[in-house]
Amino acid sequence: MARNTTVVTRRNYLQRLGDSLVGTLIGLALIVASVAVVFWNEGRAVEASRGLAAGERVALSLPQPTVSPTNEGRLVHLSGPVVTSSAITDPDTGSVFPAALGVRRTVEMFQWIQTTSSQTQDKLGGTQETTTTYSYAPGWSDSPQDSSTFAEPQGHTNPAFAFRSQAYFAADARMGGFAVSQALLEQVPAEAPVLPDVIPQGWVQTETGLFRGTGTAASPRIGDIRVSYRQLPSGTVMSVLGQQSGAGLTSWRAPGSDYSLLTARPGSVAADAMFADQKSSEGLVTWVIRGGGYLMAIIGFLMLLGPLSALANVVPFVATLLGTVSGWIGFVLATVLTAGTIALAWLAVRPILAIGLLVAGLGLWLAVRLVGRSGTRPLAGSISGSR
């Protein structure tokens, strides 16, 4: 049964103004950090692009996964079934999985989970009132819910996890004559649900895995644990790109670059398809980091401009209006800053793209300036006319 606790907090005008002034310092730090992150990311993207292009030129596809001394130190591509003769044992439950390349264990505990919902209301005079409702309900979770941090810990105590989710991999996996390392096995998802051959002592087997506790799988109690497994079975076909090093595969580093490559995909995948997939993955990472840096810049400028609306908090609708204006200004400044940083980072390697970004950023800035000037001209005319 869910339980609720409501807490009301109030902050006066001076407290809110003080918070906004502290926020300006945090905002400046976020703006500086966004520039550093975006600039670094563009350099990383350039290295990845150059490294993958170099890899495509020198990669050697082996017709069979056979080790040859002539290929030592070269970037090789190979495909085939990966096998193991050993079993994987879960040291915490004692479960054994024969002939498995990898086993991913998910551990969940039935525990109290806190959820929050808040409503904030600005009052005339600058006071802000926040009403927060904390709700508690038991449920399964694979992450610890620290009940000591709950707003209402009494009656909602969670025990500590006995052990956590974990992945285990075979130490003797091989593809033909090549040893396949854990670094490669980790890149291929273990998707097949599997149950232990033998039920460990102290556990009850369910349809999806194992259960242990004072309740039952259908009616659990706080602190009960359930464990499920997924495996990567022996014989799974994989495709690999890496540097031949003895009878193993290690990271290949592009000449004159910091970019390294050691990658695996499920199934029989051609070398050109693996490079295309890797380029797509690197591009996605680049855009995710760009978006993160851009968001940091927006938040930074909003916090930097925060005191403008904070000064007007005595009249809520005026503070809201100034907050909206500050938001648009922050958005424009963040856009110009991010585009300019990307352009400068690419200037040395892709000058056409860099110049295009600089022109776009400058155009946006000039457009904002023109809109701002056109908005002030009628006001200035009305003032002079009244005189």
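Which side chain meets Asp-92 in a salt bridge? The side chain of Arg-105 does, with N to O at 2.8 Å. A salt bridge here is a side-chain nitrogen of Lys or Arg within 4 Å of a carboxyl oxygen of Asp or Glu.

## Basis of the report

The structure is a predicted model, in which local features need pLDDT of at least 70 and side-chain atom pairs count only at pLDDT 80 or more, while totals for chains, interfaces and linings use all residues. Residues are numbered from 1 along each chain as its sequence is written, and side-chain values use heavy atoms, with hydrogens and water left out.

## Salt bridges in the structure

Seven salt bridges are found when the whole structure is searched. Side chains of opposite charge can pair when their charged atoms come close.

## The pair Asp-92 and Arg-105

Because Asp-92 lies in the loop between strand E4 (87–89) and strand E5 (96–98), and Arg-105 in strand E6 (residues 100–122), the pair ties together parts that are 13 residues apart in sequence. Helices (H or I, at least four residues) and strands (E, at least two) are DSSP runs, numbered from the N terminus.

Asp-92 is partly exposed, with a relative accessible area of 36%, whereas Arg-105 is buried at 3% relative accessibility. Buried means under 20% relative accessible area, exposed over 50%, and partly exposed in between (1.4 Å probe, protein chains only). A network of salt bridges links Asp-90, Asp-92 and Arg-105.

## Links between helices H1 and H3

Arg-290 and Glu-42 form a salt bridge whose closest N and O atoms are 2.8 Å apart. Arg-290 belongs to helix H3 (residues 271–304) and Glu-42 to helix H1 (residues 13–58), so this pair ties together parts that are 248 residues apart in sequence. Arg-290 counts as buried at 12% relative accessibility, and Glu-42 is buried with a relative accessible area of 0%.

A further salt bridge joins the side chains of Glu-56 and Lys-279, at 2.7 Å from N to O. Here Glu-56 in helix H1 and Lys-279 in helix H3 are 223 residues apart, and the pair links distant parts of the chain. Glu-56 is partly exposed, with a relative accessible area of 36%; Lys-279 is partly exposed as well, at 40%.

Arg-44 is found in helix H1 and counts as buried, at 17% relative accessibility. Leaving aside neighbours within four places in sequence, Arg-44 is in contact (heavy atoms within 4.5 Å) with Glu-282, Val-285, Thr-286 and Ile-289.
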